[in-house]
Amino acid sequence: MRAPDFNLADQDSAKHSLADYAGKWLVLYFYPKDGTPGCTKEACNFRDGRELIAQLGNVEVVGISKDSVESHKKFSLEHQLNFTLLSDPSHEVIEAYGAWGGLLGTKRNTVIIGPDGEVKKQYSGVDPATHVTEIIADLKALQAGA
C-alpha cells in the first residue's frame with residue numbers, strides 16, 4: 001500500500017511532506033495528546049531508542065498528533081525529544097492512516113514506511129512501554145528482507 005502523502009508543520013513551524021523522506025525508512029507514529037502519561041512514555045522511549053534506531057541506517061522517526069505546533073514545541077523541549085513532531089489539527093492525515101477514533105481522537109498506531117514510499121508494517125493500539133523495542137526488531141527484519 002502506498003503511504004498517504006502529508007504536508008504538516010513541525011514543532012518549529014517547518015513544513016514536512018512524505019516526499020521529504022523519500023529514500024529513507026520512516027517510522028510514523030500517531031499518538032493522542034502531548035503531555036499525557038502514555039504519550040510521554042512513548043515519546044521518551046523513542047527519544048531514548050533513537051541512537052539504536054539511527055544505527056540501522058537511514059531511518060527517521062516522526063510523531064503526529066492533533067495538538068498544535070505550540071503544544072508540540074513545549075512537549076519537545078520539556079522532554080528533550082530528538083525527533084520531529086507534526087501537528088495535524090484537522091486530523092486529515094491521522095484519518096488517512098487509519099489512526100482516528102477512540103476516546104482521545106487519535107489511536108496509538110504506528111506505520112513503518114519503506115524508502116520506496118510503501119507501507120511495510122502497521123501497528124494498532126501499541127504499548128508505549130515496549131513499542132520501540134518492537135520497532136527496532138521489525139526494522140532489522142524488514143531491512144534484511146529488502
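Is Phe-83 buried or exposed? At 6% relative accessibility, Phe-83 counts as buried, because the cut-off for burial is under 20% relative accessible area. The model described here is predicted.

## Aromatic pairs

Seven aromatic pairs are found in a search of the whole structure. One of them is formed by Phe-6 and Tyr-21, a tilted pair with 6.5 Å centre to centre and 40° between the planes. This pair links distant parts of the chain, with Phe-6 in the segment before β1 and Tyr-21, 15 residues apart from it, in the loop between β2 (15–17) and β3 (25–30). Phe-6 is buried at a relative accessible area of 3%, and Tyr-21 counts as buried at 8%.

Phe-46 and Phe-83 form an edge-to-face pair, 6.2 Å centre to centre with 65° between the planes. Here, too, distant parts of the chain are linked: Phe-46 belongs to helix α1, Phe-83 to the loop between α2 and β5, and the two are 37 residues apart. Phe-46 has a relative accessible area of 0% and is buried. Both residues of this pair belong to one aromatic cluster, which also contains Tyr-29, Tyr-31 and Phe-75.

## Helix α2

Helix α2 spans residues 69–78, and its buried residues are Val-69, His-72, Phe-75 and Ser-76. These four lie on the same side of α2, because they cover an arc of only 125° around the axis. The elements that cover them include β1 (7–10), α1 (37–54), β4 (59–65) and β5 (84–87). Phe-75, one of the buried residues, is also a member of the aromatic cluster.

The face of α2 turned away from the buried side carries Glu-70, Lys-74, Leu-77 and Glu-78, which are exposed. Just after the helix, Gln-80 adopts a positive phi of about 50°.

## Asn-109

Asn-109 sits in the loop between α3 (92–96) and β6 (110–113). With 7% relative accessibility, Asn-109 counts as buried. A polar atom of its side chain lies 3.4 Å from the backbone oxygen of Gly-98.

Leaving aside residues up to four places away in sequence, Asn-109 touches Leu-28, Tyr-29, Phe-30, Gly-98, Ala-99, Tyr-123, Ser-124 and Gly-125. Among these, Tyr-29 is part of the aromatic cluster.

## Glu-51

Glu-51 is located in helix α1. Its relative accessible area is 61%, so Glu-51 is exposed. The C-alpha atoms of Glu-51 and Ile-64 are 20 Å apart in space, while the two residues are 13 residues apart in sequence.

Conventions: Residues numbered from 1 in each chain as written. Predicted model: local features only at pLDDT ≥ 70, side-chain atom pairs only at ≥ 80, totals over all residues. Heavy atoms only, no water. Buried < 20%, exposed > 50% of the residue type's maximum accessible area, 1.4 Å probe, protein only. Arc of directions from axis to C-beta. Contact = heavy atoms within 4.5 Å. Polar contact = N/O pair within 3.5 Å; in protein donor to acceptor, adjacent residues only side chain to side chain. Phe/Tyr/Trp six-rings, centres within 6.5 Å; stacked < 30°, edge-to-face > 60°.
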